Amino acid sequence: MVIKAKASLYDEIVDITYDYLGPAAPRFIARGIETHLSKKPEKLIASDIPVLLDWSKLAIALLTDDKQMVEDFSQRLLVIAERRNT
Amino acid sequence: MPKLKQPQPAVNSKDLAAEKAKTEALFDSIGEAVIATNEQGEIMRINDATTELLGYTSADLLSKNYLSTVHAFDLDGAAIPPLMRPVMRSLIEGKPVTDKLQYLKKDGSLVPVVATVSPIMLSGKPIGTIQVFRDITREQEIDKAKTEFLSLASHQLRTPATAVKQYVGILREGFVGELSADQKRAVEQAYQSNERQLKIIEDLLRVAKVDSGKMSLHRTQTNLNQLLENVMTDQAASIAKRNQTIEFKHRNVTCGAMVDAHLIRTVFENLIDNASKYSPKGARIVIDIRKSSSQVSIAICDEGVGIPRSDMPMLFQKFKRLPNPLSLESNGTGLGLYWVKKVLDYHDGQITVRSKTGSGSTFTVILPLR
């Protein structure tokens, strides 16, 4: 039997952000958590996601110039938040 | 008690239009260029100074994505990666970011600016960014002329000052005859003054060099413990003269880094000398070196007069000297900490300061391990 380790919330968010920011995603998300939530990335909890999203989507909007992409990013993060909350 | 009359909110469309016109007039009257972006990363507001400075029309800019419309370069002309642009840094840091950079004008030329970008907050949520920037072409020209003048003047001064050193040295060593006690004292004074003069000229020359961007690093793997011990040995006499003690904490860990040993030595010389000069007689200076996986940090702690919070912003500025109530000497140039900061910038290092008036200061140098 293979037991798969559950990815941390931070890892999950980095995985998603990677689709939009590429290799800059881990540093971008880690810095965002430290700055806007004043905590270490591994301490991220689902209820932190809306605040992180407020800042991240502004940055992604500037970088991608694609409203649909920003919407898509927001939805994916909110889905995680909801799933982790339940 | 008289009742204060509450201001009536503008509710009708006429009032709203008047308020909007007033806000727009206010925005356009700002002498510096302003660009505001919205949640979609689009430019939502600019003022006349922006179109004037960048050469674009309002139609060229409004509703366009900011990053792909206004292109930014560093002062050397290299394109700034999007994530490193001040606007992105202000969103990542959640606070205003100020930087000097160049913007590409519509005619293809570059204009140097100093820009401050801040997140726009509404009810605690970021809803965009606003930046204020201004042309610094003239300031840069003046700065360049000043640097060139300093360099030229210092070169011209160094030659006669060095000749004075040689002739006073000949007198001092008694090569042209025995001196009386009074003559010896006078010559010694002249010799010491000339030494200080040469030191100031050297400081000016090296700052002129760093300001002109002509300084290059010769990095070698350097034992920082050894370097610090050498500086402490060199300064032992002047520290002892003030009855001060110096302690080196290294926990038997040797810290090395790829640095320009000569330049980093000048950093430690300046910081240790300052720690001693700004501390009272009998004070203790502690040097604490630590290593992590990515950097080496060297803290230089003193028990000195401390630095008032209001003086902190000018600490690393050129020609700024903070008053030292412990000393009547005024032989400093105000270039020491400016130089320290520049050398560390060249090494991608940092310097931080913690200080409390009357309780001392800690300057921490951080050098990345390459």
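Here are a few questions and answers on strand pairing in chain B of a predicted model. Residues count from 1 along each chain as its sequence is written, with chains lettered from A and ligands numbered from 1 in the order written. Because the model is predicted, local features need pLDDT of at least 70 and side-chain atom pairs count only at pLDDT 80 or more, while totals for chains, interfaces and linings use all residues.

Me: In what order do the 5 strands of the open sheet in chain B stand?
Reply: Happy to walk through this one. Strands here are DSSP runs of E with at least two residues, numbered from the N terminus, and two of them pair if DSSP finds at least two bridges between them. The pairing in this open sheet is mixed, and the order is S8-S10-S11-S13-S12.

Me: Which are the edge strands of this sheet?
Reply: An edge strand pairs on one side only.

Me: Which residue in S6(B) is the bridge partner of B:Thr116?
Reply: Strand S5 (residues 110-122) of chain B pairs with S6(B) in the antiparallel sense over 10 bridges. S6 (residues 125-135) is also joined antiparallel to strand S1 (residues 33-37) by 5 bridges, and there B:Val34 stands opposite B:Val132. The bridge partner of B:Thr116 in S6(B) is likewise B:Val132.

Me: Which residue takes a positive phi in the hairpin of S5(B) and S6(B)?
Reply: This hairpin has 2 residues between its strands. The positive phi, near 50°, belongs to B:Ser123.

Conventions
Helix = DSSP H or I, 4+ residues; strand = E, 2+ residues; numbered from the N terminus.
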